[in-house]
Amino acid sequence: MSNSVASALPRPLILGVSGASGLIYAVRALKFLLSADYAIELVASKATYMVWQAEQDIRMPAEPLQQEQFWRQQAGVLTGGQLTCHSAGDVGANIASGSFRTLGMLVMPCSMSTVAKLAGGLSSDLLERAADVQLKEGRKLVVVPRETPLSLIHLRNLTTLAEAGARIVPAIPAWYHQPQTIEDLVDFVVARALDQFELDCVPLKRWEGH
C-alpha cells in the first residue's frame, strides 16, 4: 500500500476495556462506532474476563479473532466498521507504538487500578502501554472512571492524569434528555466520551437552552 493511500484511510480509535464494573459502556460505545463504520482497535484487560462472568455470566474468549466475534455479538453489530481485538499480553501489537497513528484512546470503563497505573507511568500490559503512548505522543486519552465513592488517592491519580493531558469523563448521566431506559443513561455517558474525539454517532437529545 502506498503512503498516499495509507494516509487517506481513517485513523482508528483505540478502545481499552478495564476490569471495572459497567461493561455496558464499552458495549454501547462499540455498537455506535461500528454502526457508523469507524475502525476500532480493542484491548481488554485480564480483569475484564472476571467482570463479564460476574455481570453477565458470560465467558469472554481469549483468542483475538474469537473476541472480535464476541464483541460484535454483544454490540449487536455483526457487520460494519472495522474491529481488531488484541490480547492484553501482546505488548508488541501495533497500538503499542507511537508510530501507529490513531485518533487517540478511550478507556471505558476505567478501573481505579488502571487509573493508578496510568498515573504512575506503568505499562505492564498492552492496555496500559497503549494509553501511555497516547500521552507521550500528545494524542487524546479519555478515561471513564467507574467508581464511587472516590478516595483521596483516586482523586490525586485522576488529577495526575488530567495534568498529563488526559480527559476525565466520569460515568455520570444527565437527566435533561429525559431518559426512559438504562441504555438512555449509558448512551449519554458514551456520547459525552466520544465528544472528546469530536465523534458524533450517538443519537442524543442535546441541551439547546431554555
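Author: Two strands pair if DSSP finds at least two bridges between them. Strands and helices are themselves DSSP runs, numbered from the N terminus: a strand is E with at least two residues, a helix is H or I with at least four. The model is predicted, so local features need pLDDT of at least 70 and side-chain atom pairs count only at pLDDT 80 or more, while totals for chains, interfaces and linings use all residues. Residues are numbered from 1 along each chain as its sequence is written, and side-chain values use heavy atoms, with hydrogens and water left out.

Our part is strand β1, residues 13–17. Start with its partners. β1 pairs with strand β2 (residues 39–44) in the parallel sense, over 5 bridges. There, V17 stands opposite A44 of β2. β1 also pairs with β4, again in the parallel sense, over 4 bridges. In that pairing, G16 has V107 of β4 as its bridge partner.

Now follow the chain. β1, helix α2 (residues 23–35) and β2 make a right-handed β-α-β unit. Right-handed has a viewing rule: with the strands pointing away from you, the path from the first strand over the helix to the second runs clockwise.

Next, how enclosed is β1? For a residue, buried means under 20% relative accessible area, exposed means over 50%, and partly exposed lies in between (1.4 Å probe, protein chains only). In β1, 5 of the 5 residues are buried, so the strand is largely enclosed by the rest of the structure. In a regular strand, side chains alternate between the two faces of the sheet. Both faces of β1 are covered. L13, L15 and V17 are buried on one side, and I14 and G16 are buried on the other.

Step across to β4. This strand spans residues 104–110 and contains P109. The peptide bond from M108 to P109 is cis, with omega near -5°. Most peptide bonds are trans, and most residues other than glycine have a negative phi. A cis bond also joins T148 and P149, where omega is about -10°. P149 sits in the loop between β5 (141–145) and α7 (152–163).

D57 is not a glycine, yet its phi is positive, near 55°. D57 is in the loop between α3 (47–56) and α4 (64–75). D57 is exposed because its relative accessible area is 61%. Q178 is not a glycine either, and its phi is positive at about 55°. Q178 lies in the loop between β6 (167–168) and α8. At 55% relative accessibility, Q178 is exposed too.

Finish with charged pairs. In a salt bridge, a side-chain nitrogen of Lys or Arg is within 4 Å of a carboxyl oxygen of Asp or Glu. The structure holds 7 of them. One joins E128 and K117, at 3.6 Å from N to O. This pair links distant parts of the chain, 11 residues apart: E128 is in helix α6 (residues 126–136) and K117 in helix α5 (residues 112–119). E128 is buried, at 3% relative accessibility. K117 is partly exposed, at 29%.

Another bridge joins R192 and D195, with the closest N and O atoms 2.7 Å apart. Both lie in helix α8 (residues 182–195), 3 residues apart, about one turn of the helix. These two belong to a network of salt bridges that also links D200 and R206.
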